Structure formats: C-alpha cells, structure tokens
Amino acid sequence: MPNLNDPRIPVLLFGLTTGIALSAVVQYLYQTYQTQKTITEAQSEVPQDELDSIAPSTAAEATIDRIRKEFYIPAARLQNMLKAFVKDMQRGLKQDGAIMKMIPSYVTRRASGSETGTYLALDLGGTNFRVCQVTLEGAGKVRTKQRKFVVSQELQKGTGTALFDFLAECVEKFLEESGIGKDTRMHLGFTFSFPVMQQAVNKGVLMSWTKGFTASNVVNEDVVSLLQAAFKRKNMNIKVAALVNDTVGTLASHAYVDPATVAGIILGTGTNAAYVEKIDQIPKWKGARPASGEMIVNMEWGNWGADRIPLPSTHYDNKLDRHSPNTGQQLYEKMISGMYLGEITRYVLLDLIATGELLRGQEVPELKKQYSFDTANMSRIERDYTKDLSDTRLLLEELYGITTSTLADREIVKHVCQFVGTRAARLAAVGIAGIVTKINKLDGCTIAIDGSVYEHYQHFGNRVRDALRELLGMCSDSIVLAQARDGSGQGAALIAALAES
Ligand code: ADP
Ligand code: MG
C-alpha cells in the first residue's frame, strides 16, 4: 500500500493525467490527420456531381472580377481611341510608312450590275484557300461554284515558288472537275489578303506577311507576276486580271447588292477593312483623278496600335505578341481576330492555373501548346447555358483531358471567354465608328462584314452594336451592319470583269 502522504504522489498523478491528456490530443490530431488525408486522397475521385456542386466561391468571384477589369474598356477610353483612330487614318492617307497603310486599291468604280461573263477567283489569306468560278449573269445576278483547299503549314512557311505552284495546281484540279479544259482562256481575280502595295489593278508588291505565313522570296515581289508565272509553268491559259484584298472584294460585291455600302470588313482569321474615300482626301495619291472622284482604300487596319499607345494591351497580349512571328506588328488584329482570341484566352487560363485560382493549380500540359485553343471554342463555351456548364466540362475534357473541373472552374473559364470576346468586339467597333466618322456617314450607311468570327460567334455582333451606341449615340442606329458571305470571291471576279471592260 503506498503511503498517501508520500510527497511524490501528486507529482506522479500529475504526470499520469498529463500523459493521458497528451496521448488523447495526439490521438485526436492523428485521427484528424487521417480523415484529412483520406479526403485529400479521395479528391481526385470525387464524383462529378460533387465537383459540380462546388459553386463559385468568393475567391472565384474575386478572380472573375480581376480579369473583368483587366479586359474592360470603359466608354471614355473608347472615345479616346476613336479620336486616335481617325487621326491615324488621316496620317496613312497623307503619306506612306504610316501605321495604318491606307492603300489605294486602284478600284475606282463600282459594278453596275450589268456585267456578264464567267470568271475565276482565288482567295488566299485565311484558313482555307478557295478557288471559285463566278458567272455574272447581268441584272445583278451571280452564280458561283467553289472548292476549298488547305494550305499546309509547310506551304505557308516554305518557299514562295512551292506556294504559288500549289495555287496553280489547285486551279488545274478545279478546272478538271468542272469539265473546263486547262488551256481555256480565262480571266481571274486574285484575292490576296495580306498587305500589298498596289501599283495597278493587277499589280502589287507584298509588303510583309501576316497571319503566320512566312513563305520565302515573296516579300517585295509582285504577287500577280508570281501567280502568272506559276500558271505559265503549267501551260495554263489564265490571265490574272485583278489583285484584290478580301476587304475590297467584300465591299465591291456587297455594293453590287446594296449601293449604300461604304465599307467591307473582315472579322475572320485576321481583321481588316476597306472603305470608299473621296480622292481629294487622299493627299498621297499621285495618279490620275478617277472619273468617279472616289477610290476604295484598303486600310490594313490590323496594324493599328503598333505604336502601342492607343491599345489597352494586357500582359497576356504582350506575351502573345512576343511569341508570334510578327512581333510588334498587327497589334489591333491580335486583339480582335479569330487567329488570336483563343490564344489570349489560353494565356489567361494558364496564368490562373499558375496562381492556383483555376483547377486548384493542377497543371494541364496540353494547354501549354501554342494556339491549341481555337477561338471557335470560345463561342461554344459562351453558348453553354446548361445549369452546371456541362458542355464546357465536356469540351475541356475533349480538348485537354481535364476531368476534375469544378463548376467554379468552368464559371471562370466562361467568364474569361466573355471578357476576351467582348473586348474584341468593342475594339472592332472603334474601327467601324472611325470609318463612319471619317467619311461623315453618321446619317446612315451599310457596312458589309464577312468572316467566321462575326458570322458564328453568336454574341459578337450585339457587342459591336452596344459599343457603337456608346461611341456614336443614337446615330449608330442608322448604321446597318450587313452579313456578307463569300463576298471576297465574287468581288474579285467583279473587279476582274471591270478591269477587263
Ligand atoms: P478566313 O478569315 O481564313 O477566310 P474565316 O472567316 O472562316 O476564314 O475565319 C476563320 C477564323 O474564325 C478562325 O480563326 C476560327 O478560329 C474562327 N472561327 C470559326 N468559327 C468560329 C466560331 N464559331 N466562333 C468564333 N470564331 C470562329
Ligand atoms: Mg475569308
């Protein structure tokens, strides 16, 4: 029997209780750790419906808000950009070497609708190369037949000779299929949508490649001679009668249908515009004064902002530009057109993963591939109206094998698309407002717009309209934005017909 009066007893008891308490604490901590561990381990196998129930948290909302601010252009800023834009148009009309090249197209009259005959038209400068046969039936009627060909990356980046031989070969195939002998004499309109210093309606020198093309020995050459030489190598009896920018073709062919048309705009792989200018507003024009007193001007507006001042570039834009083959050029185009919108979005998503704000920071190796996120995906995501954004989930899985996206993640992705897409439309509106302001057509006119971004990105048109209203007020209501389809091919044929007559 221990002596209860032993002075060591309290010490012993204290030690015992502390020990028990401590072990309880340790056990509790251990259990908590175990539970936590299983939660973490199970995370990757969390059923989809549980992932879906993780709704946007305050953190996600903060992320969305931050990106919104990065891409938002307030009305006052739009107004300033509009003023700068009109000034840059005037600079380009005054002298060569300006940021917007404002190239006289040598197209000085519009078709009357009475032109007839069968013409060929080629369209190079976008995702597809097209060969069209255009039959002008008179009375404003046109019949067309066309075939698309893919210009491979090798051809885009190989030698000029290989590229032009390929074009001639496609025409040869097309004629064969159409039952037209390859030695039939035909006139052709060549839509070539790159910056060309036009020297006649059928002569023009390539100033620089854009949209990823880099084929050798073409810059500083007359592209009509290069194409004509390729036909000659194949003993084909084709005369290249007109060299046309797609914007000029779009304008010309829409004016055939709607005489109020004053501009042709492309919102596709790239972006550009042409409009009808009074000849005395073009101080750099040294040629004869056209009877019409007008000239269609190819603006090459994609290069606007190359001095970086007026554009609201973010660090995502700068990164895209640094990694592009034409760094420092086409900065406006790089914020607007189909080739680039998906790429900007991709950079934003990568950034959000790196900061842990998206996909809990899980790396997605496939997303690191340049240009792996096509702009068409943005419109698909923006059209996802399902409650749990299941179409977006499917798309992320299809494209990048992402199976662990939460609803919050998908909300973020959708918003990023919305912000990048909205900024693009608002910027395009600055250009449109610029043209209308410059030629003083605020009382009403038609703008013909071609290209998949405008045609298929469901929200794009409305966003352009909204911004036009912010820029021009009520006047914007009298500006008709008309969808033009494949106008460039028809336009080239029309211009070839005019050139011949
Ligand atoms: P191009 O300009 O080459 O003549 P398009 O007018 O078809 O050809 O434009 C192609 C561009 O449009 C591509 O960059 C593509 O990403 C984009 N695009 C295609 N479909 C859509 C869509 N549904 N929404 C947004 N962009 C699209
Ligand atoms: Mg096109």
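1. Lys211 lies over the face of Phe194, 4.9 Å from the ring centre. The charged end of Lys145 sits over the ring of Phe174, at 5.7 Å from its centre. A charge counts as over a ring if NZ of Lys or CZ of Arg is within 6 Å of the ring centre and within 35 degrees of the ring normal.

2. This is a predicted model: local features need pLDDT of at least 70, side-chain atom pairs count only at pLDDT 80 or more, and totals for chains, interfaces and linings use all residues. Residues are numbered from 1 along each chain as written, chains are lettered from A and ligands numbered from 1 in written order, and side-chain values use heavy atoms, without hydrogens and water.

3. Rings of Phe, Tyr and Trp (its six-membered ring) pair if their centres lie within 6.5 Å; planes under 30 degrees apart are stacked, over 60 edge-to-face, the rest tilted.

4. The structure holds 17 aromatic pairs. Tyr106 and Trp285 have ring centres 5.2 Å apart and planes at 70°, so this pair is edge-to-face. Tyr106 is partly exposed, at 31% relative accessible area. Trp285 is buried, at 17%. Buried means under 20% relative accessible area, exposed over 50%, partly exposed in between (1.4 Å probe, protein chains only).

5. Trp304 and Tyr332 are also edge-to-face: 5.3 Å centre to centre, 85° between planes. Trp304 is buried, at 0% relative accessible area. Tyr332 is buried at 0% too.

6. Ile432 is in contact (heavy atoms within 4.5 Å) with residues including Ile265, Trp301 and Ile447, leaving aside neighbours within four places in sequence.
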